[in-house]
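Biologist: I have some questions about this model; could you take me through them one at a time?
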Amino acid sequence: MKILTVRHLQIFIVVAETGTMSQAAKKLFISQPTVSQVIGEMEEEYGVKLFERLSRRLYITDAGSRLLGYARHVVSLFEEMEQALRYASQHRLLKVGASITVGACALTEMVKRFEEKNKDVEVNVFVDNTSVIEQKVLDSTLDLGLVEGRVESEKLVVRPVIEDELVLVCPPDHPFARRESVSVSDLEGQPFLLREGGSGTREQLESLLGERGVQVRPKWICHSSDAIVNAAAGGQGLAVLSRLLVQEAARAGRLSIVRLADAQLGRSFQLIYHKNKFLSPQMQAFLDEISPREGQAGS
């Protein structure tokens, strides 16, 4: 192999994802010998094993895992370049991920404002919990993400962009609604409506409860913050949710926000992108649009 091509990297990625040469060949609509030849050429060229071959299945090596990270970024950048060259006169694409809370209460206005100012850019949005969005930004499936949970990877740039607060909510006829405040210990044994594992909202609540030695009774667990708002309003249990998310239901009298006397659950919605990501003009324009202005941080 004289030169490593994007096609080599595309084949390598599919082999790594499928774990077999035959499945990779089917997915790529090429012959299995062609796939084997490409992997063999790459291993010979660089003098490393990219896969261990055991019982008709391939297991990626440490060297292969390192290459996979680079390969995904190179292929993503190449595809972005092709798209920009082919469709620059028509439109450009920005792939934005959002955690569920952000997607429910903040992202629509952000995207609308951005697209009004950048009419040649189309924003594609993917919404899931924080851990899923983080992984998709890491593997370049998404250009950037907006999340409320803790970001684990040191490979990501993290910028706080919107200040938020988690609040305790209950239906207006709940005994807590008639109290000026409650303590964290008062939550012991209460039925709770919880987000799914991997949610930043749930992670922050569980951290507080764990620190205080308080156990609640999970009654609902779901991905949808809106479903939790409706269930709480319907008397199914207590919930801790974003103030931005519940303020409309509170104004309408469907929910009561209860003050926690001995805890504050402040946080930021955060913008994340890979530190090695090439910042295209559309990405930079989006960053500029949603970053807090001087004197307006957290607005």
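Biologist: Which residues are buried in H8?
Modeller: This is a predicted model, and in it Gly-200, Thr-201, Arg-202, Leu-205, Leu-208 and Leu-209 of H8 are buried.

Biologist: What span should the 13 residues of H8 have, and how far apart are its end C-alpha atoms?
Modeller: Helix H8 covers residues 200-212, and at 1.5 Å a residue it should span 18 Å; the C-alpha atoms at its ends are 19 Å apart, which agrees.

Biologist: And what does the side chain of Ser-199 reach at the start of H8?
Modeller: One of the side-chain oxygens of Ser-199 comes to within 3.2 Å of the backbone nitrogen of Thr-201. After the helix comes Gly-213, which has a positive phi, near 70 degrees.

Biologist: Changing topic, how many cavities of 30 Å³ or more are there?
Modeller: The count comes to one cavity of 30 Å³ or more, and the largest cavity holds about 40 Å³ of space.

Biologist: Which residues line the largest cavity?
Modeller: Its lining is made up of Leu-193, Leu-194, Arg-195, Thr-201, Arg-202, Leu-205, Ile-228, Val-240 and Leu-241. Two or more lining residues come from each of strand E7 (191-195), H8 and strand E9 (239-242). By class, six of the residues lining the largest cavity are nonpolar, one is polar and two are charged. Thr-201, Arg-202 and Leu-205, which belong to this lining, are also among the buried residues of H8.

Biologist: What about the largest pocket, what is its volume?
Modeller: The largest pocket has a volume of about 320 Å³. It is lined by 13 residues, of which Gly-69, Tyr-70, His-73, Lys-155 and His-274 are the closest to its centre.

Biologist: Which helix gives the largest share of that pocket's lining?
Modeller: That is helix H4 (residues 62-87), from which seven residues of the lining come. Taken by class, the lining of the largest pocket has three nonpolar, five polar and five charged residues.

Biologist: One more residue: where does Leu-260 lie, and why does Leu-260 count as buried?
Modeller: Leu-260 is in the loop between strand E10 (256-258) and strand E11 (265-274). Its relative accessibility is 12%, and because buried means under 20%, Leu-260 counts as buried.

Biologist: What is Leu-260 in contact with, leaving aside neighbours within four places in sequence?
Modeller: With those neighbours left aside, Leu-260 is in contact with Leu-168, Val-182, Ser-183 and Val-184.

Biologist: And how far apart are Leu-260 and Ser-55?
Modeller: They are 205 residues apart in sequence, and C-alpha to C-alpha the distance between Leu-260 and Ser-55 is 57 Å in space.

Notes:
Residues numbered from 1 in each chain as written. Predicted model: local features only at pLDDT ≥ 70, side-chain atom pairs only at ≥ 80, totals over all residues. Heavy atoms only, no water. Helix = DSSP H or I, 4+ residues; strand = E, 2+ residues; numbered from the N terminus. Expected span 1.5 Å × (residues − 1). Buried < 20%, exposed > 50% of the residue type's maximum accessible area, 1.4 Å probe, protein only. Polar contact = N/O pair within 3.5 Å; in protein donor to acceptor, adjacent residues only side chain to side chain. 1 Å grid on protein atoms, 1.4 Å probe; cavity = no way out; pocket = protein on both sides within 12 Å on 5 of 7 lines; lining within 4 Å. Points joined across faces, edges and corners; volume = space filled by probe spheres on them. Nonpolar A, V, L, I, M, F, W, Y, C, P; charged D, E, K, R; others polar. Contact = heavy atoms within 4.5 Å.
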